[in-house]
Amino acid sequence: MFVGVMRISLQIPGARSLKDRRQVVRSFKERVRARMDVSIAEIGDVERLQVATFGVCTVARESAACRDALEKVRSLAAGVGEAVLADVGTEILPFGEGGSELRGGIEHALGSTLGEFPVEDLSPETFMAAAETPRAKGRRR
């Protein structure tokens, strides 16, 4: 499993008000969400009229798929007519086969509920059986 993350900064030279800025930001985020299977959020200072910074994230089975998805988002950012692509930073993070190298993640959380079940033996049936234990039921809300 691979997680691809990207930080994109856009300069919006024509923004004279927060309304102008929000229009460009909203349009870009909607375009990315409509065309790509990624998560995107504005992460920068929203009070700076002429700069917008976004965080983008994707998860894939292969690093090349993450890289391709992030490159397509970068291309969309470069094509925003009202803005200039100012900065891009990307990173692809590997997590071993099936996410087996995640530390303190879902395997750790399930381990406390599943007791002696090793993660590699975790089938959907085992998970559902463990989720039905009284201890697990008490934690649901």
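In what order do the 4 strands of the open sheet come? The order is E2-E3-E1-E4, and the pairing is antiparallel. Strands here are DSSP runs of E with at least two residues, helices are runs of H or I with at least four, and both are numbered from the N terminus; two strands pair if DSSP finds at least two bridges between them.

A quick word on the source: this is a predicted model, where local features need pLDDT of at least 70, side-chain atom pairs count only at pLDDT 80 or more, and totals for chains, interfaces and linings use all residues. Residues are numbered from 1 along each chain as its sequence is written, and side-chain values use heavy atoms, with hydrogens and water left out.

Strands E2 (39–42) and E4 (84–94) sit at the edges, each pairing on one side only. E1 (residues 2–11) runs antiparallel to E4, joined by 10 bridges, and Gln11 stands opposite Val84 in E4.

Angles run from 0 to 180 degrees between N-to-C directions, and axes are lines fitted to C-alpha atoms, for helices over the stretch in contact.

| Helix | Strands touched | Angle |
|---|---|---|
| H1 (residues 18–35) | E1, E2 and E3 (51–60) | about 170° with E2 |
| H2 (residues 63–78) | E1, E3 and E4 | about 10° with E1 |

The helices also meet each other: the axes of H1 and H2 come within 10 Å and cross at roughly 145°. Phe28, Arg31, Val32 and Arg35 of H1 make the contact with Val73, Leu76 and Ala77 of H2.

Terms used. Contact means heavy atoms within 4.5 Å.
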